[in-house]
Amino acid sequence: SRLKLQSMSTQTFVFIFPNWIGHLNPSLPVARRLVELGHDVHYVCFEQMKSKIEGTGAKFHSAVDGQPELYAGRGRDFISMLTHLKDEFQVDSGSCGALWQLRNIMIEKQLPGLLRLLRELQPSAIVHCPLSSPEAFWASKVMDVPSIALNTFAGPGALAGAVGWCFKEEKIDFEDLDQQLKRWQPNLDAQQGLERSWGLTLHQGMPPCLGYIDGIAMGSLTITTTSEDLQDPMESELQDAYFEAGTSFAFVGPLLDGAGHWKPLDSTSEDGSHVVEQVCAARISGRLVVLVSMGTVVTGNMPGWGWEGRSLDELGRPQGLTGCQLCRSAWAGAFDAFGSASSEDGALIVVALGPQADPLGDVVAPPNAICCAFLPQVDILRAGVDVFLTHGGQNSFTESLVNATPVVVCPGFSDQVVNASKAVALGVGLKVDRPLPEAGGEELASSNYRKDVTEALHAVVALPEFKTAAAAQRKKLLAAGGVERATELILGLVPTPSPGSAKVGGA
């Protein structure tokens with residue numbers, strides 16, 4: 001096979017990813033497979049992801065330490081850096097608007113350090129997150145090596161939808177931002193500096209249309225972690241733009257690691273195997289198994305979207321439930337649905353709570369619930385789950401389907417809302433939308449939301465057609481090829497060097 005042939009010649013791959021779990025996780029099993037085949041894999045990422053990365057056999061390189069032009073004096077993580085950069089350049093928009101406004105400035109500051117590393121490693125190809133690591137694609141242009149975008153949304157249409165949702169939340173008009181950037185001198189200086197230093201031509205303003213990503217349009221290949229028939233549709237303008245650019249897409253389905261490979265963020269934490277064992281024991285004894293996870297963003301500390309985050313009304317004022325209120329109501333709804341007085345009776349409820357110091361607050365977990373900060377979600381789904389209460393992130397959504405697990409989707413924001421509707425349309429589960437009460441109505445909205453979650457969970461467990469529909473989607477996703485196909489596609493872009501040849505690039 002091609003994989004066997006390629007494994008005979010050692011190649012070097014550099015993976016460049018942000019510290020967002022949902023963007024990083026699908027890359028890990030591909031990195032592991034490349035290492036198993038004898039290749040060298042290096043990651044440029046952030047310290048909090050180090051144990052996960054090194055667990056694949058790949059080598060970790062700190063983006064913070066390696067890119068002092070961007071990070072020195074601006075903190076040790078991406079959010080701190082962005083906060084400092086916003087202050088420096090007097091940018092008063094939200095996180096999404098700031099990322100686009102400062103995009104060229106950040107890339108100009110990232111490239112010197114990134115290219116120092118790449119010239120040392122001489123990679124055969126670069127694999128990257130196209131949305132959150134745009135510097136990777138431009139570095140590949142300087143190095144003249146293939147670039148592979150790993151799109152962890154449900155296709156390019158879903159990525160465009162996620163950007164559009166963020167713009168809407170932050171009250172950003174695409175055309176207005178485009179014109180603002182074309183007049184803003186710091187952005188123009190960065191754009192001209194990139195052309196002068198590296199011969200790169202980046203957009204002065206916004207891309208040609210909403211959702212257009214250079215690393216997708218002009219890269220060697222975009223690998224997407226869903227099946228072609230489950231991707232979200234593209235607007236005609238975006239579809240035409242990618243067609244004109246000659247963009248190449250491959251849909252491989254979810255990229256799942258093998259059993260037992262999951263690593264917690266904290267290398268000192270338990271690997272979660274004891275939870276998987278308890279799930280297996282529950283299955284053998286005939287107990288229901290209920291998995292609950294509201295994801296890593298809404299339970300985290302991302303400004304606007306995390307634990308304290310709320311939506312904004314038309315005047316830009318916070319409204320609705322915070323991430324904290326949303327999660328606690330969802331967890332309480334699951335406990336109401338399946339809680340029992342004994343750890344040995346009733347369903348086994350397994351809950352991922354996230355990183356907060358006191359995530360449950362006043363919510364009391366019943367004796368038959370196992371609550372942990374983080375869990376080996378794929379291993380638990382593989383062991384057997386009767387219903388999965390999920391936030392509806394793309395990874396969790398496809399992981400549930402590939403394991404034929406029906407869902408109750410409690411979306412927080414962005415593409416999670418689309419996936420919630422998709423779950424209903426596919427017949428694989430039900431959704432409970434995030435409430436948007438007016439000021440003063442949060443307590444009642446939380447109470448009603450909790451009841452709605454309980455009712456939805458009861459309904460999905462009671463009706464076997466949800467499980468049947470999920471099983472049908474499992475077959476489609478498995479047919480997409482997963483890790484083996486993604487690995488083969490990556491290797492297919494790398495020429496096998498002839499004996500005695502040396503790799504050259506970016507000199």
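Predicted model: local features only at pLDDT ≥ 70, side-chain atom pairs only at ≥ 80, totals over all residues.
A search of the whole structure found zero disulfides. A disulfide is a covalent bond between the sulfur atoms of two cysteines. For C96, the nearest cysteine sulfur belongs to C166 and lies 4.3 Å away. Because a disulfide requires two cysteine sulfur atoms within 2.5 Å, C96 is in no disulfide.

In soluble globular proteins, nonpolar side chains tend to be buried together. In the present model, the largest nonpolar core comprises 98 residues. The residues with the most contacts inside this core are F15, Y43, L102 and F167. Helix 9, spanning residues 103–121, contributes nine residues, the most to this core. With neighbours within four places in sequence left aside, the contacts of F167 are C96, W100, I172, F174, L177, M206 and L210. Another core, of 35 residues, lies apart from the largest one. Its members include W307, L326, V351 and A369.

H42 is located in strand 2, which covers residues 40–45. This histidine is buried, with a relative accessible area of 8%. When neighbours within four places in sequence are left aside, H42 is in contact with T12, F13, V14, F15, K59, H61 and L121. Of these contacts, F15 is one of the residues with the most contacts inside the largest core.

Definitions and conventions: Residues numbered from 1 in each chain as written. Heavy atoms only, no water. Core = buried A, V, L, I, M, F, W, Y, C linked by side-chain atoms within 4.5 Å. Buried < 20%, exposed > 50% of the residue type's maximum accessible area, 1.4 Å probe, protein only. Helix = DSSP H or I, 4+ residues; strand = E, 2+ residues; numbered from the N terminus. Contact = heavy atoms within 4.5 Å.
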